[in-house]
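Please look over the following model before reading the notes below, which take up the contact between its chains, its sheets and a few points of backbone geometry.

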Amino acid sequence: MAGISRRDFVKLLGAGGAASALGLNAGCETVPKSSKAAPRVVVVGGGFGGATCAKYLRIYDPTLNVTMIEQNANYVTCPGSNWVLGGVRTLTDITQNYDALRSKHGVNVVQDRVTSIDATRRVVSLASGKTVEYDRLVMSPGIDFRWNAVEGYDEAASELIPHAWKAGPQTVLLQKQLHAMPDGGTFILCPPPMPFRCPPGPPERASMVAHYFKAHKPRSKILILDAKEGFSKQGLFMDAWNELYPGMIEFVPASKGGKVSRVDTKTNTVYTDEGLTTHKGDVINFIPAQRAGEIASKSGLANEAGWCPVNQHTFESTQVPNIHVIGDSAVAGALPKSGHSANNIAKMTAAAIVSLFRGVKPPLPSHVNTCYSLVSPEYGISVAAVYRLDEKGVLKGINEAGGLSPKDAPRLQRVQEANYAQGWYKGITQDTFG
Amino acid sequence: MFFSSKLSKAVFSGLAGTLALAGATTIQAQEISRAQVIATTCYTCHGTYGVSPGSIPSINDISAERMESILQGYRSGQRVSTVMGRHASGYTDEEVKEVAQYFGNVQKRGK
């Protein structure tokens, strides 16, 4: 394999991993019990990262014993959840199941919740009381929220003022509130600070709510109070808003009074400017600051910033050997936290794990991200990038590739990209769950 | 690996046997090719093995020569696209050739 030295390869195998992957430590107490049987991989989490990894592990090597542990029977995807708010799709349309992983790909899907991980004995404990042993573990727990990072916003508050940043009941709650809102009301959207899941998600949400308002509540307003100075695809979104929803959406960056310092669920009010300015909303959508899924930090995989550092070639944790952390939880260089990134990371990780079991060099990774956003059902925009490892082992975007949909493109291109956005959803969900 | 299921079973049960009986020294090294991992990144939009379930075109039934020519067209901008130009420009001539050949072989094997 070009571009990777023997020394690098041994480094990739990780502490203690080199010997076991090559089958050299028979008799040593750390040898997995299954060293003469099929290697066992346990995948924690059944989102875009976990489900794709489980599927591709079995595609790359159908002899592997792959168990995926997911607490829910179905998975409601975050991609498409803004479309539900816009009335373009239903929650059923964006609910995926694990039937094909079980029947077509031979993944042992277990509906349970991981309570703890013993990385020395390589055992995962589940809420049901069962335990599962692994040779390599893949953690794909997604995100959790930093409750109380802003005064007044904790988990209980999210039952009144939804975040709707994990799709499912929270999406339904926000949708109900929007439906109950009177025409002429104000919807306040508060995007979180970086890094967070799906950077173009908040402006797409504003767009889809505007689409719903235009049809049903045309006198209503949308106020975006942002913890940041700008947002993904900003120029494209703003051009489209001027064209499709003139005067309806107002964006306030952090430095102009957009940063929320307190949320009051009793009066449906958010406070900005260090508490000096109040904004009362008819409906408020507050998206809190984020961190790696709780089980990742509980297992010693997260750093002080709350995210999980990994070797960006194999996605093996740099903190705990034989555990790979993928998807939103991982520190993945320039890759954004998106379902598309998680799907790609999962495939590269599957290829790396299979290679490590075989004692061969993992292929050099190649990642792609494509984020489509619908501004209306007939108006789509996108951002794309191709990523490679640099000489320091960090995933970087390739300068010659990627970028945004062109500004001032003919309307036909926006229509085409709206069509492809919906095709993308079908493609990625088939590739992940089908 | 994208052999026919019959062939892949034979190959992999053979591999498993080798692993179980002989240990590290005689493992038949099976490196996963760069073309294959790049191809899997196409599947995110175009569907697994390039068989698309939606409005994005399928790419599973294109010969190696034609695939290479299409991708080079996207790279140069001669071929008009919404997003493929932004993707194709991220790969070298050699990678484009290898990926095109990979897709051509997948097609011949019938996946």
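How much area do chain B and chain A bury between them, and what percentage of it lies on carbon and sulfur atoms? The two chains bury about 3,800 Å² between them, with 59% of it on carbon and sulfur atoms, where buried area is the accessible area (1.4 Å probe) that two parts lose on being put together, summed over both.

This is a predicted model, in which local features need pLDDT of at least 70 and side-chain atom pairs count only at pLDDT 80 or more, whereas totals for chains, interfaces and linings use all residues. Residues are numbered from 1 along each chain as its sequence is written, chains are lettered from A and ligands numbered from 1 in the order in which they are written, and side-chain values use heavy atoms, with hydrogens and water left out.

**Interface of chain B and chain A**

- Chain B gives 37 residues to the contact and chain A gives 55 residues, contact being defined as heavy atoms within 4.5 Å.
- Of the area that chain B buries against chain A, 19% is supplied by B:Ile32, B:Thr44 and B:Arg86, which is more than any other three residues supply.
- Two salt bridges are found across the interface, a salt bridge being a side-chain nitrogen of Lys or Arg within 4 Å of a carboxyl oxygen of Asp or Glu.
- B:Glu95 and A:Arg388 meet through their side chains in a salt bridge, at 3.2 Å from N to O.
- On the side of chain B that touches chain A, the elements giving two or more residues are helix H1 (5-22), helix H2 (34-46) and helix H4 (84-88) of chain B, helices (H or I, at least four residues) and strands (E, at least two) being DSSP runs numbered from the N terminus.
- H2(B) provides the largest share of that side, nine residues.
- The residues of that side divide into 20 nonpolar, 13 polar and four charged, where Ala, Val, Leu, Ile, Met, Phe, Trp, Tyr, Cys and Pro count as nonpolar, Asp, Glu, Lys and Arg as charged, and the others, Gly among them, as polar.

**Sheet S6-S7-S8 of chain A**

- Three strands in the order S6-S7-S8 (chain A) make an open sheet with antiparallel pairing, two strands being paired if DSSP finds at least two bridges between them.
- Strand S6 (114-118) and strand S8 (131-133) of chain A each have a single partner strand, so one side of each is left without a neighbour in the sheet.
- S6(A) pairs with strand S7 (residues 123-126) of chain A over four bridges in the antiparallel sense, and A:Val114 stands opposite A:Leu126 in S7(A).
- S6(A) and S7(A) form a hairpin with four residues between them, and A:Arg122 in the turn has a positive phi of about 55 degrees.

**Sheet S14-S15-S16 of chain A**

- An open sheet of three strands, in the order S14-S15-S16 (chain A), shows antiparallel pairing.
- The edge strands, strand S14 (260-264) and strand S16 (277-280) of chain A, each pair on one side only.
- S14(A) is joined by four bridges to strand S15 (residues 269-272) of chain A, and A:Val263 stands opposite A:Val270 in S15(A).

**Backbone geometry in loops of chain A**

- The peptide bond from A:Met194 to A:Pro195 is cis, with omega near -10 degrees, and A:Pro195 is found in the loop between strand S11 (186-190) and helix H7 (201-216) of chain A.
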